Structure formats: C-alpha cells, structure tokens
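Trainee: Hey, I've just been handed a new structure. Could you walk me through it?

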Amino acid sequence: MPDQATMKAAIQEVIREMMERVMNRVLVEDPFIVEKHRATKPLYAALVPDEIFKGSHFERRFVTPFGSAWEKLAIVAATQGLGYGTLGYAIRGTVKEGKLRRITEVLNRLEHPPRGQERVKPDWDAELAYITAGQGEGVPVTVICDVYAEGRVNGKKYAFELKSPLPNSDITKVSKEKLLKLYSMELPQVDEAYFALPYNPYGSREEYAWSFPARWFNMRKDRVVLIGDEFWEKIGGLGTYQVFIQAVNELGKEYKERIYREFLGIEPPPSAGEALH
C-alpha cells in the first residue's frame, strides 16, 4: 500500500505546476481580448455573449497541457506505488518473422474488412493466440512505450500505452501494434502491457462507447484495456484513484475561485467549492 499522504502531495505538485502555467497563459501571455474577438468574429459577438467565448478561450488553453500532465501523474503513481516509473522507455527484443506478418495481417483485417463482409470485431485473446503461433527467423524489434514501470516488491515489469480518454483511430492502431509486439517477443521483456485511458467519460466500463478505439480493441471486455480507476490501481496500488480525487478536490476550490475572479472577473457562486466524487 503506497504512502497516500506522500502520493497526494506529489499529485498536487504536478497539478499545481500545470495550473499555474495555464493561469499565466490566459492572464498574461494570451488573454482573451474582447475587442479583438468582436473585430474578428462580429457575427458571433452579435449573437452570443462574450463570456461564452471567453470560457472557450480558457478551455483550449487548459485541455492541451493536461495531456502531458496525465503522463506525469502516471509517473507519480508508479513511483509511489509500484516503486519506479519513466516515460518514453525503449523496450528491445526479438520477434519471429511469422509473428510480425501475422500482426500486420490482424491489423489489416480490422482496418479493411473483406469486400461484402461485415467489419471484423476485435478479440485480443484470439488475435494474440493466432499471432504467437507464427514461426520464422527472429527479427530485432524496438517498442517505445508511453509509460514503463517496475514493481520493487513483486519484481514485475509493466508497459502502458497511455492515451486520452477519447483517442482517435490512428493512435489506437499504433498502440495495439506495439502491445502485440511486446507480447510476441521471444524472451518477454515485460510481464504485463496495457492500453490505458486515465478516466472514463462514459462512467462505467460497460458504457464506454467512443467508436474510434473500438475498431482496434473490445473496450468493454479485452483484458489488455484499462480505463480510469483500473489503470490507477494497477500502476499505483489500491486506493490510488481515491487519492487522486482527494488531491484534485483540495486544489479545486482554490483554482475555481481564482478563475472566476481573475479570468472571468466575477464573484464565484456558492457551488464553486463543490467536490468531485
């Protein structure tokens, strides 16, 4: 069990650093200028209150930095939980030529169904069983994983393809190819590898419905897929997701009030301090 107080402090440090950069961006480097908005988008400005576009201005400058923040938070969880984590780690091994051919075949079949036939549905276990039966000469292969972690207690090695909660099809395809190669190496270089999403915008795993990654994975059933708390518990240990929520809630009131006052220029409503669950 990780030290939850230490983990929470480390999570808050990452989030605070990101939020301070965002605040500096929207208040100093790239503020929303009403006159510019009205001059460049007079029709929009005539029909929609400026505050709506001011909110969009903030959102665009908030969402992008959070992409890299997820990876940093994953390293915090891995370091405090499993014991070690790093980004962009190169995993090198050997994969038989026949297995590589079958990986390409499986991916092509998922992307381009035979003429006149329905699209093939992904099935990780069946695909991996077919691929690992391939033979031939060994070919050197390098896979760069998003997040690599090691368990100091159990001695296991983990690789994660950590993507946004709503990844596009091309990114998901690349991740699946990487995972198939990792599981096909003659001498396994990792014990477990996963396609991971930091949170689930649909709520439960059974309700996840974003269509693009569903071309490549059965997002509801494939054991190689981790969504939300499944990922955080795997990389950080039991209780990690709740620690994450607590860490965010403690910072939330402060930054919501600052955004209302400093960016929107209004007093925060009573609901501004409400916590997430």
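Predicted model: local features only at pLDDT ≥ 70, side-chain atom pairs only at ≥ 80, totals over all residues.

Trainee: Okay. How many helices and strands does the chain have?

Mentor: There are ten helices and five strands in the chain.

Trainee: And what box do the C-alpha atoms fill?

Mentor: Along the principal axes, the C-alpha atoms take up a box of roughly 65 × 50 × 35 Å.

Trainee: What share of the residues is buried?

Mentor: Of the 277 residues in the chain, 40% are buried. As for the surface, the chain exposes about 15000 Å², and 53% of that comes from carbon and sulfur atoms.

Trainee: What about contacts along the chain?

Mentor: Take the contacts with a separation of 6 or more: 75% of them are between residues 24 or more positions apart.

Trainee: Let's go inside, then. Which residues touch the most other members of the largest nonpolar core?

Mentor: That core has 40 residues, and the ones touching the most other members are Ile11, Leu73, Phe160, Phe231, Trp232 and Ile235. Several elements each supply at least two residues of this core, among them helix 1 (4–29), helix 4 (50–80), strand 2 (138–151) and helix 9 (229–236). Strand 3 (157–162), strand 4 (192–197) and helix 10 are also on that list.

Trainee: Which residues does the second core include?

Mentor: The second core is separate and has 30 residues, including Leu110, Leu179, Val224 and Val225.

Trainee: Switching to charges. How many positive and negative ones are there?

Mentor: The chain has 38 positive and 39 negative charges, and their mean positions are 4 Å apart. The count of salt bridges comes to 26.

Trainee: Why do charged side chains pair at all?

Mentor: Side chains of opposite charge can pair when their charged atoms come close.

Trainee: Can you show me one?

Mentor: Glu97 and Arg101 form a salt bridge through their side chains, at 3.5 Å from N to O. Both are in helix 5 (residues 97–111), and because they are four residues apart there, about one helical turn separates them.

Trainee: Is Arg101 buried or exposed?

Mentor: Arg101 is exposed, at 53% relative accessible area.

Trainee: What does Lys253 pair with?

Mentor: Lys253 makes a salt bridge with Glu257, and their closest N and O atoms are 2.7 Å apart. These two are four residues apart in helix 10 (residues 240–264), so about one helical turn lies between them. Lys253 is partly exposed at 42% relative accessibility, and Glu257 is partly exposed at 22%.

Trainee: And which residue does Arg258 bridge to?

Mentor: Arg258 pairs with Glu262, with 2.9 Å between the closest N and O atoms. Both are in helix 10, four residues apart, about one turn of the helix. Arg258 has 21% relative accessibility and counts as partly exposed, while Glu262 is partly exposed at 40%.

Trainee: Last topic, a few single residues. Where does Ala272 lie?

Mentor: Ala272 is in the segment after helix 10. With a relative accessible area of 6%, Ala272 is buried. Leaving aside neighbours within four places in sequence, Ala272 is in contact with Lys256 and Tyr260. Ala272 and Lys253 are 19 residues apart along the chain, and their C-alpha atoms are separated by 6.5 Å.

Trainee: What about Thr79?

Mentor: Thr79 is in helix 4 and is partly exposed at 39% relative accessibility. Beyond its neighbours within four places in sequence, Thr79 is in contact with Tyr84 and Gly85.

Trainee: And where is Arg109?

Mentor: Arg109 is in helix 5, and at 32% relative accessibility it counts as partly exposed. Arg109 and Val120 are eleven residues apart in sequence, with 6.7 Å between their C-alpha atoms.

Notes:
Residues numbered from 1 in each chain as written. Heavy atoms only, no water. Buried < 20%, exposed > 50% of the residue type's maximum accessible area, 1.4 Å probe, protein only. Contact = heavy atoms within 4.5 Å. Areas by Shrake-Rupley, 256 points an atom, 1.4 Å probe, with all protein chains shown as cover. Lys, Arg positive; Asp, Glu negative; His and termini not counted. Charge placed at Lys NZ, Arg CZ, Asp CG, Glu CD. Salt bridge = Lys/Arg side-chain N within 4 Å of Asp/Glu carboxyl O. Core = buried A, V, L, I, M, F, W, Y, C linked by side-chain atoms within 4.5 Å.
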